[in-house]
Amino acid sequence: MEMQQFYYDNKIVKKFLYATILFGVVGMLVGLLLAIMFLFPNITDGISWLSFGRLRPLHTNAIIFAFVGNSMFAGIYYSLQRLLKARMFSNFLSNLHFWGWQLIIVAAAISLPLGYTTSKEYAELEWPIDIAIALIWVVFGINMIGTILKRRERHLYVAIWFYIATFVTVAVLHIFNSLELPVSALKSYSVYAGVQDALVQWWYGHNAVAFFLTTPFLGLMYYFIPKAANRPVYSYRLSIVHFWSLIFIYIWAGPHHLLYSALPNWAQNLGVVFSIMLIAPSWGGMINGLLTLRGAWDKVRVEPILKFFVVAVTGYGMATFEGPMLSLKNVNAIAHFTDWIIAHVHVGALAWNGFMAFGMIYYLIPKLTKGPLYSLKLANFHFWIGTLGIILYTLPMYVAGFTQASMWKQFNPDGTLTYGNFLETVKEIIPMYTIRAVGGTLYLIGMLVLVYNIIQTVRANSKVEDEAAQAPALQRISNGRMKGEKWHSWLERRPIQLTIFAVVAILIGGVIQIVPTIMIKSNIPTIASVKPYTPLELEGRDLYIREGCVGCHSQMVRPFRSEVERYGPQSKAGEFVYDHPFLWGSKRTGPDLLREGGKYNDNWHFNHFWDPQSISSGSIMPSYKWLFDNKPLDITNIEDKMKAMKTLGVPYTDAQIAYAKAAIKEQSMLIETNLYSDPDFVKSYEDSKKKAAAKGEQFVPMHQREVVALIAYIQRLGTDIKVKDNLKK
């Protein structure tokens, strides 16, 4: 049989690896800065683009899409070519994919600190970047499928099944969750509202973890662990069961992020059932990975690459045991909104994704540069300091989570909350945040050791060049099943059919959960007293989104005695029908704000935004001094915002839209009048007028500044629902 000669594209793998290392350092540095902010909340005082609320989504996006994403693409581009015995379909598409993805990352790194965000977890980027992501993802898919179609290997190996499922599912998730109505070049509103937006978001959010952080890395596990250990995969049959059960079940599990919320109970219960089932395929994959090392454990003692892979797969097993357990309602009632969830997430991110990426880097760079790794001792040091970093990060967060849950739910004999002041809990867990920062520092040191080791390896070895290979052309055979051929064996040589089956498997769960929630009105009972936001409150809500307040404050009171006593009546689905997007949050670094309106007067909020610690001793909330800057609130787009909301079903009238700017002035003037009741405000306000006059600057009245709009929004929260009189004088 005639052999065909071709060249594997190693240069594209090199580019993605270098981007992985660069953005890994950046993402981890931002994460460490955020950890330090829990200890020194005003370390970036007055710098809006370095505030916690704006940097948090930068950290998550940098780690998920820049560090993990680039490492995933590097591994896929390397393994896909060798598994198919073919060069990538198109050099142009490979390079377009690489540079397009890096430009998206740069756009995120610029836009998120500037406050351009949708606020939706792992989907914060605004609509022009969303379109770019979709286009570049399609480029990746075309390149991958084109390579599969011109392959010289008949059967698709298990790793490629996972790559295909990743491509089709992420495309579906991203497109449907990112449906939004643009207002301007960098502002949009989700087409879904309230409960429906929450369900779609966590269908996306959970499955972004599933199909961006899990399935592609399982594919990489099935390639790199056998290669590094020089052992075959433990069980081919187990890999089949693992793949199909995982992609079918995973897609149903999103509602476990919304237990005890205003989401209909049937949707919550579906999420719980499938989340519990998920442990079987997840552990099937872990067992298949670890048992692949049978007979090779002596290598694990001396090979740092295998050490990284073993801890990665073990971390995957721990996270995928814990995930289903957290989906049990009685466990979720304790863990949700606490730092337990932060620990859970970071077991997956630091151990599974991080260590898999490190193992691949240490495996690939010597292969690409045709020489040994500069220092095995440094790689071993990286492994041990990284492992210690994971332990010192996660264990304190578990303790913090248990502490929070215990203190939030504790009652005195007379029925009052033992720790009625939320800050009592915050002060109690500060030592845990300190240890967490130490753990993050150790993990980052390990990353910097990797950078040095790789730089020295690249310097000492050969330049990365394309790799010559040869294989016979694929001979055409019957499309039908041959005599004695098993069904799945047939499917493995029919990539189009395999892709179609994968699409059907992932669509079933999403359709059954989302379509009824959107189409059947009885799922979201309306409440007559709930009215749309006023123009000023709408602008204030957009500021709340811009500043990332949803990262620290929930707006969801669960039906627990402790929460009703602390915050007010439990949440109801009809409260959120005009919320585009929903802002329920997933973490309580600070208290829930759903019933915040009217609890404190305008002066309290004004002073709290200026200097939280002066109002609440021990608070770790940063100040928001830029909201007080001598510049007017930008209301130029208010009519367009209200028109967009009207298009989405919010019942604004044409008269209300036309009167919007006048309505803003009226409501903001009332707040300014309220502020004058504080003599300290009057004095500082008059002083600032004199200073502006002395400098020859135009003075912007307080009612025109951003802080007033944010106060208006906060004071509106929960006031459509009758709440007991809890105004604190």
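Figure 1. With 729 residues, a compact globule would have a radius of gyration near 27 Å, and the protein agrees with that, at 27 Å. This is a predicted model, and its C-alpha trace spans about 90 × 60 × 55 Å along the principal axes. The protein contains 28 helices and 4 strands. Of its 729 residues, 61% count as buried. The accessible surface comes to about 28800 Å², and 65% of that belongs to carbon and sulfur atoms. Among contacts with a separation of 6 or more, 82% are between residues 24 or more positions apart.

Figure 2. In soluble globular proteins, nonpolar side chains tend to be buried together. Here the largest nonpolar core has 177 residues, and those with the most contacts inside it are Trp101, Trp137 and Phe358. Which residues does Phe358 touch, not counting those up to four places away in sequence? They are Met28, Phe67, Phe308, His382, Tyr443, Met447 and Leu450.

**Figure 3. Aromatic pairs.** A pair of aromatic rings is described by the distance of the centres and the angle of the planes. The structure holds 62 aromatic pairs. In one of them, the ring centres of Phe38 and Tyr433 are 4.7 Å apart and the planes are at 50°, so the pair is tilted. This pair links distant parts of the chain, 395 residues apart: Phe38 is in the loop between helix H1 (10-37) and helix H2 (52-84), while Tyr433 belongs to helix H17 (residues 430-460). Both Phe38 and Tyr433 are buried. For Tyr624 and Trp626, the ring centres are 5.3 Å apart and the planes are at 65°, so this pair is edge-to-face. Tyr624 counts as buried at 8% relative accessibility, and Trp626 is buried with a relative accessible area of 8%.

**Figure 4. An aromatic cluster and two charges over rings.** One aromatic cluster is formed by Phe16, Phe65, Phe73, Tyr77, Phe98, Trp99, Trp101, Trp137, Phe140, Phe167 and Phe212. Rings also meet charges in this model: the charged end of Arg82 sits over the ring of Tyr78, 3.7 Å from its centre. Likewise, the charged end of Lys329 sits over the ring of Tyr260, 5.2 Å from its centre.

Figure 5. Ser71 is found in helix H2. Is Ser71 buried or exposed? At 2% relative accessibility, Ser71 counts as buried. Leaving out residues up to four places away in sequence, Ser71 touches Thr20, Phe217, Ala357 and Met360.

Figure 6. Most residues other than glycine have a negative phi, and most peptide bonds are trans. Here, a cis peptide bond joins His580 and Pro581, with omega about 0°. Pro581 lies in the loop between helix H21 (561-567) and helix H22 (602-610). Asn230 has a positive phi, near 55°, and is placed in the loop between helix H7 (215-229) and helix H8 (236-250). At 63% relative accessibility, Asn230 counts as exposed. Phe337 has a positive phi too, near 75°, and its place is in the loop between helix H13 (329-335) and helix H14 (339-369). Phe337 counts as buried, at 2% relative accessibility.

Methods:
Residues numbered from 1 in each chain as written. Predicted model: local features only at pLDDT ≥ 70, side-chain atom pairs only at ≥ 80, totals over all residues. Heavy atoms only, no water. Phe/Tyr/Trp six-rings, centres within 6.5 Å; stacked < 30°, edge-to-face > 60°. Helix = DSSP H or I, 4+ residues; strand = E, 2+ residues; numbered from the N terminus. Buried < 20%, exposed > 50% of the residue type's maximum accessible area, 1.4 Å probe, protein only. Lys NZ or Arg CZ within 6 Å of the ring centre and 35° of its normal. Core = buried A, V, L, I, M, F, W, Y, C linked by side-chain atoms within 4.5 Å. Contact = heavy atoms within 4.5 Å. Rg over C-alpha atoms; globule rule 2.2 N^0.38 Å. Areas by Shrake-Rupley, 256 points an atom, 1.4 Å probe, with all protein chains shown as cover.
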